[in-house]
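The following note sets out numbered points on the model shown here. Please read them alongside the sequence and the coordinates.

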Amino acid sequence: MKSKKLLTIKKITLDALVAVILTSQILGCSAVGSKELLDMINRGEQIVIEISEPSYEVVVKGKEIRQIDWVQLDQLKTFREFRSEFDKIFNINLVTENGVNGKNGVLYVDEKGNRNGNSSLRYAFRNKQFITKYWNDDSVRSQIVKIAPMAYKDVSDNARYALYAALNAYFDLIYDWQNPDSFNPTQSLTREEFYAMVRRADAGVEEIEID
């Protein structure tokens with residue numbers, strides 16, 4: 001009976017610890033490590049979680065384009081200057097196959113290792129060379145962030161979302177905004193836009209039947 005009671009107390013303590021750690025880390029307010037938190041609980045000390053109130057100000061610039069074209073990656077002409085600089089970072093080269101101009105490099109490899117101009121973000125992240133040689137290199141990620149403002153006028157090169165803005169611009173993931181070209185990081189997505197983004201990130205261009 002005594003052992004069962006002790007086990008219950010330990011379980012409650014563990015649950016409390018897990019809850020505190022998860023909550024503090026998710027909310028970005030963790031000031032102590034897990035061991036220190038456990039020591040505080042064992043000492044019976046009071047644990048205070050302070051939550052900062054985020055800003056929900058929504059700023060929308062430009063005009064939304066509702067009708068979009070789905071163009072395979074190596075044929076995209078949007079954000080020309082930005083796209084050119086992005087290709088330089090990843091050593092992407094122009095190639096011609098069967099009279100059609102395309103691109104070759106670490107971003108244009110399918111799951112079987114073949115060159116594929118109709119690539120996607122998923123293909124890139126399943127490419128070991130892309131991950132080890134480029135994505136895990138902090139200097140490469142810094143270069144991507146630096147050129148993000150070339151695509152979107154409302155993104156600075158020190159913004160926390162600049163990396164995602166750059167990926168969005170290059171892989172053409174969500175609806176564009178024009179006049180001026182804007183990323184609109186505080187704007188929420190509709191379910192339609194979210195699904196379109198996931199679909200574009202997952203696969204190359206393909207025919208979709210409308211039901």
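Predicted model: local features only at pLDDT ≥ 70, side-chain atom pairs only at ≥ 80, totals over all residues.

1. Phe194 lies in helix α8; helices here are DSSP runs of H or I with at least four residues, strands are runs of E with at least two, and both are numbered from the N terminus. Phe194 counts as partly exposed, at 47% relative accessibility. The classes used are buried for under 20% relative accessible area, exposed for over 50%, and partly exposed in between, with a 1.4 Å probe and protein chains only. From C-alpha to C-alpha, Phe194 is 9.3 Å from Leu173, and the two residues are 21 apart in sequence.

2. Residues are numbered from 1 along each chain as its sequence is written, and side-chain values use heavy atoms, with hydrogens and water left out.

3. Helix α8 spans residues 191–202 and also contains Glu193. Glu193 is buried, its relative accessible area being 7%. A polar atom of the Glu193 side chain lies 2.9 Å from the backbone nitrogen of Thr190. A polar contact is taken as a pair of N or O atoms within 3.5 Å; within protein, one must be able to donate a hydrogen and the other to accept it, and residues adjacent in sequence count only if both atoms are side-chain atoms.

4. Overall, the protein chain has eight helices and four strands. Their order from the N terminus on is α-α-β-α-β-β-α-α-α-α-β-α. The chain has 211 residues, of which 33% count as buried. Of the contacts between residues at least 6 apart in sequence, 58% join residues at least 24 apart, a contact being heavy atoms within 4.5 Å.

5. Which residues of helix α3 are buried? In this helix, residues 80–89, they are Phe82, Arg83, Phe86, Asp87 and Ile89. These residues lie on the same side of α3 because they cover an arc of only 155° around the axis, the arc being that of the directions from the helix axis to the C-beta atoms. Arg80, Glu81 and Lys88 are exposed on the other side of α3. The packing partners of the buried residues of α3 are β3 (100–104), α5 (128–135), α6 (138–147) and α7 (162–171).

6. Most residues other than glycine have a negative phi. Asn91, although not a glycine, has a positive phi of about 55°. Asn91 is in the loop between α3 and β2 (93–97) and counts as partly exposed, at 46% relative accessibility. Asn184 also has a positive phi, near 50°, in a residue other than glycine. Asn184 is found in the loop between β4 (177–178) and α8, and Asn184 is buried, with a relative accessible area of 4%.

7. How many cavities of 30 Å³ or more does the structure hold? It holds two. A cavity is a set of points, on a 1 Å grid over the protein atoms alone, where a 1.4 Å probe fits but cannot get out; lining residues have an atom within 4 Å of a point. The largest cavity has a volume of about 90 Å³. Of the 14 residues that line the largest cavity, Trp70, Val71, Ser119, Phe171 and Arg200 are the closest to its centre. Grid points are joined across faces, edges and corners, and a volume is the space filled by probe spheres set on the points. The lining of the largest cavity divides into seven nonpolar, five polar and two charged residues. In this division Ala, Val, Leu, Ile, Met, Phe, Trp, Tyr, Cys and Pro count as nonpolar, Asp, Glu, Lys and Arg as charged, and the others, Gly among them, as polar.

8. Arg122 is placed in helix α4 (residues 121–125) and counts as partly exposed, at 27% relative accessibility. Not counting residues up to four places away in sequence, Arg122 touches Glu111, Ala201 and Asp202. The C-alpha atoms of Arg122 and Glu111 are separated by 9.4 Å, the residues being 11 apart along the chain.

9. Asn168 lies in helix α7 and is buried, with a relative accessible area of 6%. With residues up to four places away in sequence not counted, Asn168 touches Tyr152, Leu173, Ile174 and Phe183.

Methods
1 Å grid on protein atoms, 1.4 Å probe; cavity = no way out; pocket = protein on both sides within 12 Å on 5 of 7 lines; lining within 4 Å.
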